[in-house]
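Please keep the sequence and the structure in view while reading.

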Amino acid sequence: MTNIPWADLSNIVGTPIQSGATVSAGGPNKDIIFLVGGSFENSSYDIPLVYTFDTVKNVWNTPIIKGTQPTRRNYIYSIIDVTGKMYLFGGSYDVVTGNSSWSLENRMDILDTIELTWSIGSQPQAPTPRDGYSATLLPNGIIAYIGGYGVDGPTNLKEIYLYDTKNNAWETMITVGTIPDARAHHSSVLGLNNDRIIIYGGFYSSTSPAVAHDLSVLDIRNKPYRWFTPNISGTIPPTPSAHTANVVGRYMIVTYGFLYSKQYVNPDVYILDIGNDSEYKWVTSFDPKLSLTPSPNPSPNPSPIQNGSSISIGTMIGAIIGTFIGGILLTIFALMIYRWYKRKHPRAIPTHGSQAIY
């Protein structure tokens with residue numbers, strides 16, 4: 001991977017040392033990164049639940065937020081809508097979040113990143129408790145929640161959950177097509193035409209981590225949504241879990257994570273060119289000068305979802321910074337797990353939800 005502009009932000013005063021947290025860009029101008037939840041190494045649990053990073057001034061802060069603050073949780077994947085509200089569903093509790101035992105949650109907490117207030121979302125018809133899912137905001141204001149780790153392990157991808165941010169209501173959808181394997185700690189992004197969700201990576205279990213169709217697409221133009229496996233070219237990289245993925249220009253940029261197949265932290269950044277819906281391509285360089293205009297959809301069926309405006313430079317920079325910070329947090333966590341296991345159990349693979357790994 002070459003040609004991606006990097007900036008080292010790790011030495012900024014006040015940088016939180018956490019893992020399993022979630023990050024999203026919010027605030028009035030969407031130039032403030034909100035970091036919420038997650039676990040930490042030290043024995044003191046009296047640390048802020050929310051940190052903010054000002055991407056203009058390169059400064060960390062701890063904002064004062066009104067309302068009832070939720071309990072700290074791990075592995076929440078947040079979404080911010082067009083009104084600046086940050087949606088935080090589910091997650092897990094364990095000893096590193098200040099709890100005595102491991103358990104899962106299925107509540108929806110909402111942080112207004114402009115007014116700085118907490119509120120609680122709708123609970124009826126919510127998914128079963130889980131963490132490690134993926135969340136994608138659709139153009140119509142609906143958040144699609146896919147997969148995750150439940151009480152019985154990774155959950156199936158045939159059943160997905162849709163949260164209507166305009167009406168604060170849940171809906172369950174049974175998808176069709178080539179259903180990918182059950183998985184957790186995968187990523188998802190919205191395609192360039194706003195008519196598909198691209199999921200990537202994740203793991204099935206600690207004993208059989210490999211997943212079939214590690215990259216799959218969910219066509220969201222018509223109900224029920226339909227899964228299919230896209231055409232892919234280029235050198236296919238090892239499949240990561242607990243990584244991050246963001247769309248910048250015509251590329252899906254995948255950062256870090258953990259490689260169960262090799263039992264070590266992934267040190268690499270992957271780039272998938274998704275500019276051509278007929279064929280995605282793994283590439284080794286990033287060219288920001290390429291057109292951001294998505295390719296015409298090859299399907300004969302017209303899409304009812306209108307394509308949004310072109311990605312702004314500010315949004316691109318925010319995505320890169322958010323990816324970088326999220327990647328640091330996930331990598332620190334994965335490295336902690338890996339070092340502990342190599343020292344105590346040289347042949348073991350880290351197991352989700354195990355208190356012993358901490």
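A residue is called buried when its relative accessible area is under 20%, and exposed when that value is over 50%. By this criterion, 55% of the 358 residues in the protein are buried. The model is predicted, and its secondary structure comes to 1 helix and 30 strands.

- The protein exposes about 15900 Å², of which carbon and sulfur atoms supply 52%.
- Among contacts between residues at least 6 apart in sequence, 56% join residues at least 24 apart.

**Confidence of the prediction**

- The pLDDT averages 83 over the protein, and 77% of the residues score at least 70.
- Over residues 298–351 the pLDDT stays under 50, and the model has 96 contacts beyond four places in sequence for this stretch.
- Residues 353–358 also have a pLDDT below 50, with 15 contacts in the model beyond near neighbours in sequence.

**Nonpolar cores**

- In soluble globular proteins, nonpolar side chains tend to be buried together.
- The largest nonpolar core of this protein has 26 residues, and Leu111 and Tyr145 are those with the most contacts inside it.
- At least two residues of this core come from each of β3 (32–36), β7 (79–80), β8 (85–89), β11 (108–112), β14 (142–146) and β17 (159–164).
- The strand that gives the most to this core is β8, with 4 residues.
- A second, separate core has 17 residues, among them Leu192, Phe228, Val247 and Trp282.

- Strand β2 (residues 22–26) pairs with β3 in the antiparallel sense over 5 bridges, and valine 23 stands opposite leucine 35 in β3.
- The hairpin of β2 and β3 has 5 residues between the strands, and glycine 27 takes a positive phi near 85° there.
- Strand β5 (residues 50–54) also pairs with β3 in the antiparallel sense over 5 bridges, and threonine 52 in β5 is the bridge partner of phenylalanine 34.

**A four-stranded sheet**

- Strands of a sheet pair through backbone hydrogen bonds, either parallel or antiparallel.
- An open sheet is formed by 4 strands in the order β13-β14-β17-β18, with antiparallel pairing.
- Its edge strands, β13 (134–137) and β18 (169–174), each pair on one side only.
- From one strand to the next, the twist averages 25°.
- Within this sheet, β17 and β18 pair in the antiparallel sense over 6 bridges, and methionine 173 in β18 is the bridge partner of isoleucine 160.

**Lysine 262**

- Lysine 262 lies in the loop between β27 (258–259) and β28 (264–265).
- Lysine 262 counts as partly exposed because its relative accessibility is 45%.
- Proline 238 is 24 residues from lysine 262 along the chain, and the C-alpha atoms of the two are separated by 8.7 Å.

Methods
Residues are numbered from 1 along each chain as its sequence is written. This is a predicted model: local features need pLDDT of at least 70, side-chain atom pairs count only at pLDDT 80 or more; totals for chains, interfaces and linings use all residues. Side-chain values use heavy atoms; hydrogens and water are left out. A nonpolar core is a set of buried Ala, Val, Leu, Ile, Met, Phe, Trp, Tyr and Cys residues joined through side-chain atoms within 4.5 Å. Buried means under 20% relative accessible area, exposed over 50%, partly exposed in between (1.4 Å probe, protein chains only). Two strands pair if DSSP finds at least two bridges between them. Axes are lines fitted to C-alpha atoms, for helices over the stretch in contact, and angles run from 0 to 180 degrees between N-to-C directions. Contact means heavy atoms within 4.5 Å. Accessible areas come from the Shrake-Rupley method with a 1.4 Å probe; for residues, only the protein chains shown count as cover. pLDDT is the predictor's confidence in each residue, from 0 to 100.
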